[in-house]
Amino acid sequence: MEECFFDATTVDPLDSGFTPIPEGDYEVVIVKSTNKPTKTGNGSYLELQCQVVAGEYAKRVLWARLNLKNPSSAAVEMAKRELSSICHATGVLRPKCKEELHNIPMIVHVVQVEGRNGMQNEIKGWKAKEGAAAPAAQPAAPTPSSPAQPTSAGGRPW
């Protein structure tokens, strides 16, 4: 019998790390952003990979998916509002590309939700990190084709 280079039956595996982090507020940065097609092929979403940068859960990764092209106008509107929250949290109000939102510390509110494979994390709010620089420019006045962007969902901080 051929000798193997490693016998995994003799060593306990590491924790998979797929347990969700506790609900709460975390400092994160966007480390990657990718445009992806929806499963049905009739739209696309922006997937943001966020990394926790401070505290006990530093280096853990969270994802946000924004349905910016979707047959559902409600899904698109919600995605645009969330993207506006991200832009306000980073201070980049008119990004020329999605990468301009990368590596800027901000605070996210994380909850746990039931997913297909058990409990998982979901980002439910974005805000500027205290002490972060104010945005360089004020947003343009809303036009009929671009509704006013609220500073927070429902007037609440989250």
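The exercises below work through the fold, the helix, the core and a few surface and loop residues of a predicted model.

Residues are numbered from 1 along each chain as its sequence is written, and because the model is predicted, local features need pLDDT of at least 70 and side-chain atom pairs count only at pLDDT 80 or more, whereas totals for chains, interfaces and linings use all residues. Side-chain values use heavy atoms, with hydrogens and water left out.

**Exercise 1. Describe the order of the elements in the protein chain and how much of the chain is buried.**

Step one is to list the elements, where helices (H or I, at least four residues) and strands (E, at least two) are DSSP runs numbered from the N terminus. The protein chain has one helix and five strands, and along the sequence they follow the pattern β-β-β-α-β-β.

Step two is to consider burial, for which buried means under 20% relative accessible area, exposed over 50%, and partly exposed in between (1.4 Å probe, protein chains only). Of the 158 residues in the protein chain, 28% are buried.

Step three turns to contacts, meaning heavy atoms within 4.5 Å. Among those between residues at least 6 apart in sequence, 50% join residues at least 24 apart.

**Exercise 2. Work out how α1 is built and what its buried residues pack against.**

Begin with the span: α1 has 18 residues and reaches 26 Å from its first C-alpha to its last, close to the 26 Å expected at 1.5 Å a residue, where the expected span is 1.5 Å times one less than the number of residues.

Next, locate the buried positions, which include Val-76, Ala-79, Glu-82, Ile-86 and Cys-87. The buried residues of α1 pack against β1, β2, β3, β4 and β5.

Finally, look past the end of the helix, where α1 is followed by Gly-91 with a positive phi near 80°.

**Exercise 3. Identify the residues with the most contacts inside the largest nonpolar core, and trace the contacts of Ile-86.**

Then take Ile-86 itself, which touches Ile-30, Leu-48, Leu-66, Leu-101, Met-106 and Trp-126 when residues up to four places away in sequence are not counted. In soluble globular proteins, nonpolar side chains tend to be buried together.

**Exercise 4. Find where Lys-59 and Asn-103 lie, and state whether they are buried or exposed.**

Start with Lys-59, which is in the loop between β2 and β3 and has a positive phi of about 80° although it is not a glycine. Lys-59 counts as exposed because its relative accessibility is 67%.

Continue with Asn-103, in the loop between α1 and β4, whose phi is also positive, near 60°. Asn-103 counts as exposed because its relative accessibility is 56%. Most residues other than glycine have a negative phi.

**Exercise 5. Place Ala-54 in the chain and give its C-alpha distance to Glu-27.**

Ala-54 is in the loop between β2 and β3, and at 33% relative accessibility it counts as partly exposed. Although Ala-54 and Glu-27 are 27 residues apart in sequence, their C-alpha atoms are 6.1 Å apart in space.

Methods:
A nonpolar core is a set of buried Ala, Val, Leu, Ile, Met, Phe, Trp, Tyr and Cys residues joined through side-chain atoms within 4.5 Å.
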